[in-house]
Amino acid sequence: MHILPQLSYAYDALEPHIDAKTMEIHHTKHHQTYVDKLNAALEKYPDFQNQTAEELLRNIEQVPDEIKKAVQNHGGGHSNHSIFWTIIGPADPSGAGTPAGASGKLVEDIAAKFGSFDEFTKKFNEVATNHFGSGWAWLAYGQEEGLHIHALPNQDSPYMHKHVPIMGLDVWEHAYYLKYQNKRPDYIAAFWNVINWKEVEKRYEEAVK
Ligand code: MN3
């Protein structure tokens with residue numbers, strides 16, 4: 001049984017950047033629905049019930065055809081949101097969570113790959129802004145291409161493409177519409193204030209091991 005993970009902070013902890021109501025609905029309604037529909041899809045397939053969402057997605061070609069699309073959508077939704085809640089969080093008052101305060105491999109490799117941290121944020125914002133319709137913008141790691149930025153539609157997971165999601169931004173309207181309405185770029189700009197860089201860095205270090 002897949003279960004909804006708890007957040008390590010309150011729904012209002014990301015105010016004013018992401019509002020409490022959006023956080024609550026996003027977590028308790030949207031994410032819960034992905035969890036429920038993933039469990040429902042796996043009901044008749046006990047052999048697949050003990051795999052994590054990440055394992056199911058990494059080996060999506062082994063998932064039976066009858067439930068492949070459901071696992072892609074709802075397993076992807078469960079995995080993506082589970083990551084998202086950990087890579088955002090309340091701002092660290094010491095500044096240690098900001099990229100400026102980070103001295104690790106991720107910041108160095110971002111600069112090496114994208115030219116500078118500013119170039120990286122610019123590229124990420126462009127990809128997130130220009131993605132048409134629902135989906136996610138990802139900073140992902142692949143063994144061949146290293147760090148890269150790309151958007152994926154709907155709840156498609158980087159794991160399905162043999163990439164490790166390092167940092168992602170949900171650009172479905174449900175992630176921002178209450179506060180930002182049609183102004184997706186304002187939501188994207190606000191996102192940079194709530195990134196938990198320690199967690200992002202940890203994910204990258206795990207990925208490159
Ligand atoms: Mn969402």
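Me: Which residues does K179 touch, not counting residues up to four places away in sequence?

Reply: K179 touches P16, H17, D19 and T22, where contact means heavy atoms within 4.5 Å. Before we go on, this is a predicted model, where local features need pLDDT of at least 70, side-chain atom pairs count only at pLDDT 80 or more, and totals for chains, interfaces and linings use all residues. Residues are numbered from 1 along each chain as its sequence is written, and side-chain values use heavy atoms, with hydrogens and water left out.

Me: Got it. What lies 3.0 Å from a polar atom of the K179 side chain?

Reply: That is the backbone oxygen of P16.

Me: And where is K179 placed?

Reply: K179 sits in helix α6, residues 177-180. Helices here are DSSP runs (H or I, at least four residues), numbered from the N terminus. Its C-alpha atom is 7.8 Å from that of I18, although K179 and I18 are 161 residues apart along the chain.

Me: Why is K179 called partly exposed?

Reply: Because its relative accessible area is 33%. Buried means under 20%, exposed over 50%, and partly exposed in between, using a 1.4 Å probe and protein chains only.

Me: New topic: which protein residues are donors of the manganese ion?

Reply: They are H26 (NE2), H81 (NE2), D170 (OD) and H174 (NE2), lying 1.9 to 2.1 Å from the ion. Donors are N, O and S atoms within 2.8 Å of the metal (3.2 Å for Na, K and Ca); water is not among the atoms, so sites may look incomplete. Along the chain, the donors follow the spacing H-x54-H-x88-D-x3-H. H26 in helix α1 (residues 20-42) and H81 in helix α3 (residues 65-87) are 55 residues apart, so this pair links distant parts of the chain.

Me: Are H26 and H81 buried or exposed?

Reply: Both H26 and H81 are buried.

Me: What about S79, buried or exposed?

Reply: S79 is buried, because its relative accessible area is 7%. S79 is also found in helix α3. Leaving aside neighbours within four places in sequence, S79 is in contact with A53, L57 and Y159.

Me: Last one! How many residues does the largest nonpolar core have?

Reply: The largest nonpolar core has 57 residues, and those with the most contacts inside it are I88, L139, M167 and F191. Such a core is a set of buried Ala, Val, Leu, Ile, Met, Phe, Trp, Tyr and Cys residues joined through side-chain atoms within 4.5 Å. Its largest share, six residues, comes from α3.

Technical notes: Helix = DSSP H or I, 4+ residues; strand = E, 2+ residues; numbered from the N terminus. Polar contact = N/O pair within 3.5 Å; in protein donor to acceptor, adjacent residues only side chain to side chain.
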